[in-house]
Amino acid sequence: MSGPTPLIIAIDGPAASGKSTVAKRVAAELGCVFVNSGGMYRAFTWWVLQKGIVAEDTPSVLDLLAATDFACGEENGVGTITIGETRMTSSEMASTEVNANVSVIASIPEVRERLVAEQRRYAERNGVVMEGRDIGSVVFPGTPFKFYIDASPEVREQRRRSEGITDSIAKRDRIDSSRKASPLVIPKDALVVDSSDLSADEVVETVMASIRSRLV
Ligand code: C5P
C-alpha cells in the first residue's frame, strides 16, 4: 500500500524577486523541506570554476559533470548539496564569480537533466517547497500548487544592492528567459504574486491562503 502523496509546492520567479524568503517560510509553516534549486546550479558552477574551467567551454563542463558525484540531502528541513567532499555553503554559492557564470552553466541541457533528477528525488519521500525557474513548468508540472513571485526590475536591483551583493540580475534574467532548455516562464496555471509593493509577510500570507483553501 502506498502512503499519501507528498505535498509539492513550486515557487518560480526571476532573480531577487523574494521567492527564497517566501519559500523558506512557507516550507516551515507546512513542515515541508525547503529546496533552493538555484543553489544546486550555483554549487555546480562553483565546482566548474574551482576546476579552472571556463563556463562557456561546454565540452569540458560536460566531462566534469560526468565525473561529478552530487549528494543531495536535507538538514533541519533545508536541502543541502555536497559535491565530492565539499558541502556547499552560501558564501561559495553566492560569490560574484558564481553570479556571473551560473546562467551559462544552467543553460546546458545535460546539467539540467542531472540536477532535475536530484530535485525530483526530494519529493519521493517528503513534502517539498522548491523554488527556482522551471519548478512548476518542468520539474513538477503535475503539482496543482504553482506560484510565480515577481517584482519590478528596479525593486529587484535595489534588493540586491541593499544585501551588498554584486549581481548582474538583468543579464541573468535575459539568459534564463531566452535559453532553449527550460527557460524561465510563468507556468500557465500559476498564481502570480507581484511582491514589488508587498512585505514578505504579505506575500507569505497570499501563498499560504491559496494553499490552505485547496487543502481542506
Ligand atoms: O535562484 P537563483 O537566483 O539563486 O538561481 C541562480 C541561477 O540558477 C539562475 O539565474 C538560473 O540561471 C539558474 N536556475 C535555473 N533553474 C532553476 C533555478 C535556478 O536555471 N530551477
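R212 is partly exposed, at 39% relative accessibility (partly exposed lies between buried, under 20% relative accessible area, and exposed, over 50%, with a 1.4 Å probe and protein chains only). E205 is partly exposed too, at 39% relative accessibility. The two side chains meet in a salt bridge, 3.5 Å from N to O (a side-chain nitrogen of Lys or Arg within 4 Å of a carboxyl oxygen of Asp or Glu). E29 joins E205 and R212 in a network of salt bridges.

This is a predicted model, where local features need pLDDT of at least 70, side-chain atom pairs count only at pLDDT 80 or more, and totals for chains, interfaces and linings use all residues. Residues are numbered from 1 along each chain as its sequence is written, and side-chain values use heavy atoms, leaving out hydrogens and water.

The whole structure holds twelve salt bridges. Three of them are listed here, including the pair above.

| Salt bridge | N to O distance |
|---|---|
| D134 and R112 | 2.9 Å |
| R133 and D176 | 3.5 Å |
| E205 and R212 | 3.5 Å |

D134 pairs with R112. Helices (H or I, at least four residues) and strands (E, at least two) are DSSP runs, numbered from the N terminus. D134 is buried, at 0% relative accessible area. R112 is buried at 4%.

R133 pairs with D176. R133 lies in the loop between strand 6 and helix 7, and D176 in helix 9 (residues 169-178), so the pair ties together parts 43 residues apart in sequence. R133 is buried at 13% relative accessibility, and D176 is buried at 4%.
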